[in-house]
Amino acid sequence: MEQAAIELRGIKKRFGELEVIKGIDLAARRGEVIALIGTSGSGKSTLLRCINLLEAPDEGEIIFDGEALDLKRGRDGTLHAANREQITRLRAGIGFVFQNFNLWPHMTVLDNVIEAPVHVLGIPRKQALAEAETLLEKVGLAEKQRTYPAFLSGGQQQRAAIARTLAMHPAVILLDEPTSALDPELVGEVLGVIRQLAEEGRTMLIVTHEMRFARDVAHRVVFLHAGRIEEEGPPSRVFGNPRSERCRAFLATHLAEPQGESN
Amino acid sequence: MNWQVMIDSFPALAEGALITLELVVISGILGVLLAVPMAMARVSPRPWLRALPLAHIYFFRGTPLLVQIYLVYYGLGQFEAVRDSVLWPYLREAYWCAIIAFTLNTSAYTAEILRGAIQSVPRGEVEAAETVGMSPALIWRRIRLPRAFRIALPAYSNEVILMLKGSALASTITLMDLTGVARTIIARTYTPVELFLAAGLLYVVLAFLILGGFRLVERRLNRHLQPG
């Protein structure tokens with residue numbers, strides 16, 4: 001069998017008394033687009049954040065392209081990176097797109113994009129700039145290069161954040177509700193960029209509330225409920241004929257919403 | 001009001017003002033250099049590292065500046081090791097004692113201002129840096145400190161103004177700063193109102209210059225903020 005781009009085994013995560021993720025196994029093939037859906041509090045964002053250790057899981061294994069992430073148990077009982085060099089190297093190869101963009105406000109859009117290529121990968125500034133310009137053109141921000149993030153709309157900021165992620169040539173991109181913080185009329189432009197990435201054959205895990213988008217773009221839909229995978233399969237089957245009662249109920253309320261509205 | 005004495009003393013007072021400005025600028029710069037590692041330690045996840053600068057911060061925030069100046073000026077010479085050291089030619093001079101006292105004092109306040117600023121850098125911006133594979137040192141250098149300096153700037157300009165006024169205490173250890181010059185002339189001419197008025201005006205000018213400088217720096221560093 002082909003090696004998975006990302007494989008999660010037995011991930012568990014609790015916040016105090018509350019167990020948010022109760023043992024999840026998930027593997028993404030290279031080029032696969034997986035949509036993680038579910039109600040608020042089902043653990044989908046937490047799961048995504050556990051993948052690159054933004055959140056420290058309590059149990060589990062994380063394997064990138066055959067390389068297991070070296071974990072050790074900290075004093076608080078959670079798992080942390082045992083090897084600084086490994087986690088920074090692996091993180092450089094995993095893009096992460098946040099709900100709130102999290103651009104660095106003291107840098108222009110262009111500087112945001114070249115920051116990591118220059119300082120983490122050590123790419124010459126000139127080359128990084130050329131590449132950044134191409135990427136910004138691709139996400140439709142060619143004329144906003146010299147602008148500071150605060151002067152951009154939410155949709156523009158998110159597209160800039162996606163360009164910043166792409167500049168690292170990530171093998172996998174994790175997107176955490178990339179359109180949930182946007183005004184409805186700005187959702188489309190960001191989804192358009194993500195759709196383009198999917199068509200390029202990039203491996204992506206997307207937490208989303210945009211059901212139509214998930215149905216059109218994802219190869220596989222994973223429905224999470226109460227910290228477990230309740231249902232998964234190709235979108236045609238999950239959306240067309242869900243087996244689980246909870247998934248059916250969830251889809252009934254969420255598919256009824258017009259495109260572009262979330263939460 | 002004796003205007004003539006004010007005019008006559010102006011050159012001497014201006015020289016004193018220069019000494020005052022020198023004291024503030026030198027101890028201000030040294031104070032920031034000391035404050036940065038202290039502030040970084042104060043936000044560490046490790047409790048022992050957090051506790052490390054506490055004694056310094058509490059002592060210099062909790063005691064009067066005048067006491068600190070006396071301790072450095074009269075206290076250091078008590079130790080033979082200090083008297084024998086190569087630094088003694090400096091340490092026995094009032095000028096360097098004042099610099100040391102001001103530096104230690106302002107570093108404690110600046111460390112607390114910076115700590116607050118570091119803590120108010122949004123968590124997500126640091127997470128974004130982590131997700132692109134930046135090492136902790138790189139995140140400090142490229143994201144957290146540059147952001148914190150910008151956030152701290154308005155509060156820090158206030159600290160510098162307070163330091164400017166506190167520097168008048170240097171005159172108590174024979175330093176010829178602005179206040180020191182004024183007091184010396186008064187001892188000769190018995191015109192305290194004229195001289196302190198003139199000195200006060202010069203302090204206002206200094207404060208104006210310092211604030212103007214900060215406004216320039218702020219406009220340059222915070223141009224990324226939305227206007228209005």
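Let's start with one residue. Leaving aside its neighbours within four places in sequence, which residues is A:His106 in contact with? Contact here means heavy atoms within 4.5 Å. The answer is A:Tyr148, B:Arg142, B:Ile143, B:Pro146, B:Arg147, B:Arg150 and B:His224.

Ground rules before we go on. This is a predicted model, where local features need pLDDT of at least 70 and side-chain atom pairs count only at pLDDT 80 or more, while totals for chains, interfaces and linings use all residues. Residues are numbered from 1 along each chain as its sequence is written, chains are lettered from A and ligands numbered from 1 in the order in which they are written, and side-chain values use heavy atoms, with hydrogens and water left out.

Now the confidence. pLDDT is the predictor's confidence in each residue, from 0 to 100. Chain B averages 94, and 99% of its residues score at least 70. Within chain B, helix H7, residues 94–119, is highest with 97. Helix H6, residues 88–91, is lowest, with a mean of 87. For the whole model, ipTM is 0.92 and pTM is 0.91.

Back to A:His106. It sits in the loop between strand S8 (94–97) and helix H3 (109–119) of chain A. Is A:His106 buried or exposed? Buried, because its relative accessibility is 9%. The cut-offs: buried is under 20% relative accessible area, exposed is over 50%, partly exposed is in between, using a 1.4 Å probe and protein chains only. A polar atom of the A:His106 side chain lies 3.2 Å from the backbone oxygen of B:Arg142.

A salt bridge is a side-chain nitrogen of Lys or Arg within 4 Å of a carboxyl oxygen of Asp or Glu.

Next, the whole interface. On one side, 24 residues of chain B are in contact with 25 residues of chain A. The buried area is about 2,200 Å², and carbon and sulfur atoms give 63% of it. Buried area is the accessible area, 1.4 Å probe, that two parts lose on being put together, summed over both. Which three residues supply more than any other three of the area that chain B buries against chain A? They are B:Thr131, B:Val132 and B:His224, with 28%.

Polar links across the interface: two salt bridges, and six residue pairs in polar contact, both at pLDDT 80 or more. A polar contact is a pair of N or O atoms within 3.5 Å; within protein, one must be able to donate a hydrogen and the other to accept it, and residues adjacent in sequence count only if both atoms are side-chain atoms. On the chain B side, helix H8 (123–131) and helix H9 (136–166) are the elements that give two or more residues. H9(B) gives the most, with eight. That side divides into ten nonpolar, six polar and eight charged residues.

There are 24 salt bridges over all chains. A:Arg73 and A:Glu59 meet in one, 3.6 Å from N to O. It links distant parts of the chain: strand S6 (71–73) and strand S4 (59–64) of chain A, with the two residues 14 apart. A:Arg73 is partly exposed at 46%. A:Glu59 is also partly exposed, at 36%.

Over in chain B, B:Glu112 pairs with B:Arg115 in a salt bridge at 3.2 Å. They are separated by about one helical turn, because they are three residues apart in helix H7. B:Glu112 is buried at 13%, while B:Arg115 is partly exposed at 21%. One network of salt bridges takes in both chains: A:Arg49, A:Glu55, B:Arg123, B:Glu127 and B:Glu130.

Last stop, B:Ser167. It is in the loop between H9 and helix H10 (178–189) of chain B. Leaving aside neighbours within four places in sequence, B:Ser167 is in contact with B:Thr20, B:Val24, B:Phe102 and B:Asp177.

How values were computed:
Helix = DSSP H or I, 4+ residues; strand = E, 2+ residues; numbered from the N terminus. Nonpolar A, V, L, I, M, F, W, Y, C, P; charged D, E, K, R; others polar.
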